[in-house]
Amino acid sequence: MSGITITGVTVYKARLPVVSERRQGSGITKDAITNIFVKLDTDAGIAGWGEAATSAVFPGGTEAHMAALHVYFRPFVLGADPFRIEALMERAERAVVHAAEAKAALEMALFDIVGKALGTPVCNLLGGPYRDEIPLSYSIANPDFDADMEMAKRLYGEGLRIFKVKTGAASHAEDLRRLETLRAELSPDVDLRVDYNQGLDVFDAIPKLRDVEAFRPTFIEQPVDLNRLDAMAEITRAIDTPIMADESAFSPANALDIVRQRAADIIAIKVMKGGMMNVRRISAIAQAAGIPCYGGDMAESGLGHLAGTHVIAATPNISLGCEFYQATYYLKEDILAQPFPVVNGKVQVPTTPGLGIDVDEDTLAKYTVERLN
Ligand code: MG
């Protein structure tokens, strides 16, 4: 209870230009990503911001998430007390199935308001900072591999030590060639990881992954179809390198199935998997099974990354770094009023109230293609 009332819900669809093509989920993103932003105004003069990154996972996601926020959530959010986050998220859960990203956007904006109202960063609402900075991973995902090699060398110079290679889109031989090049041309202290985005067939995944293991990746992410937990379990048993579930682990119920079948050694959390509190539920189930988590993303701007940063800061079990590089290295221009905080290859946990940095409304307006209020 706060005595604060939400008086406005504005939903923005924004097309954010990017610097290069890249593999995102199962498709290729060309020149821009389209994300949804939500602004909640209150009678206390405090505004909260949220983001839904909709470029992956569900086809037609952008319009579906706009509708979830504007048509289904707006009626019960208007007039509500923003401090009742659990109750409002339960209403959202009942209002529409799926739309995990839209739910994440709503929850993010509510936490932003509460943090600002109490004058404290969001991580303090989640147990306080267990860590003050998070090692940053950059994804080698450009179809132009040589361009990404140059980028990787530049980022190494800026302090980054984690690189994640997207595999399974090119041929197996080409994937091995890329891994060989990365190992040969980058320093031996680089932490190399591999993400298949479900790209392998079940029947020959194990022999292919045995080839990949020669390049000593720290983990191999989502080698096969998200629904094939039986195959994920078989691969986890057969391969020495830790196997990470990403697309297979979208909800706490998924995490429970993974634990029961021991279908992964690591789970990728993402704020877009239903919000910060859902991420904590997934992480808690994983922790009980001795499974650490990693901070993934779905091509959010700096705003979504701030929410991810706060939840990782406050959750000891999310211990394998994060991939919040879009705002700094992938978008031509981020929508935050100040740069997303990366220093020496590590994301810095904000110490200012709420999510920590506000959206620059002029910049957002520049890229907004549709607005509903
Ligand atoms: Mg992934």
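Q: In which sense do S7 and strand S8 (residues 162-166) pair?
A: Strands here are DSSP runs of E of at least two residues, numbered from the N terminus, and two of them pair if DSSP finds at least two bridges between them. S7 and S8 share 4 bridges. The sense of the S7 and S8 pairing is parallel.

This is a predicted model, where local features need pLDDT of at least 70 and side-chain atom pairs count only at pLDDT 80 or more, while totals for chains, interfaces and linings use all residues. Residues are numbered from 1 along each chain as its sequence is written, and side-chain values use heavy atoms, leaving out hydrogens and water.

Q: Which strands stand at the edges of the open sheet of 8 strands, and why is one side of each left without a neighbour?
A: The order is S7-S8-S9-S10-S11-S12-S13-S14, with parallel pairing. One side of each edge strand has no neighbour in the sheet because each has a single partner strand. The edge strands are S7 (137-140) and S14 (318-322).

Q: How many bridges join strand S1 (residues 6-17) to strand S4 (residues 32-42)?
A: Both belong to an open sheet of 4 strands, ordered S5-S4-S1-S17, with antiparallel pairing. The number of bridges joining S1 to S4 is 11.

Q: Which strands does Helix H1 (residues 61-77) lie across?
A: Helices are DSSP runs of H or I of at least four residues. H1 runs at about 170° to S1, an angle between N-to-C directions on a scale from 0 to 180 degrees, with axes fitted to C-alpha atoms, for helices over the stretch in contact (heavy atoms within 4.5 Å). The strands that H1 lies across are S1, S4 and S17.
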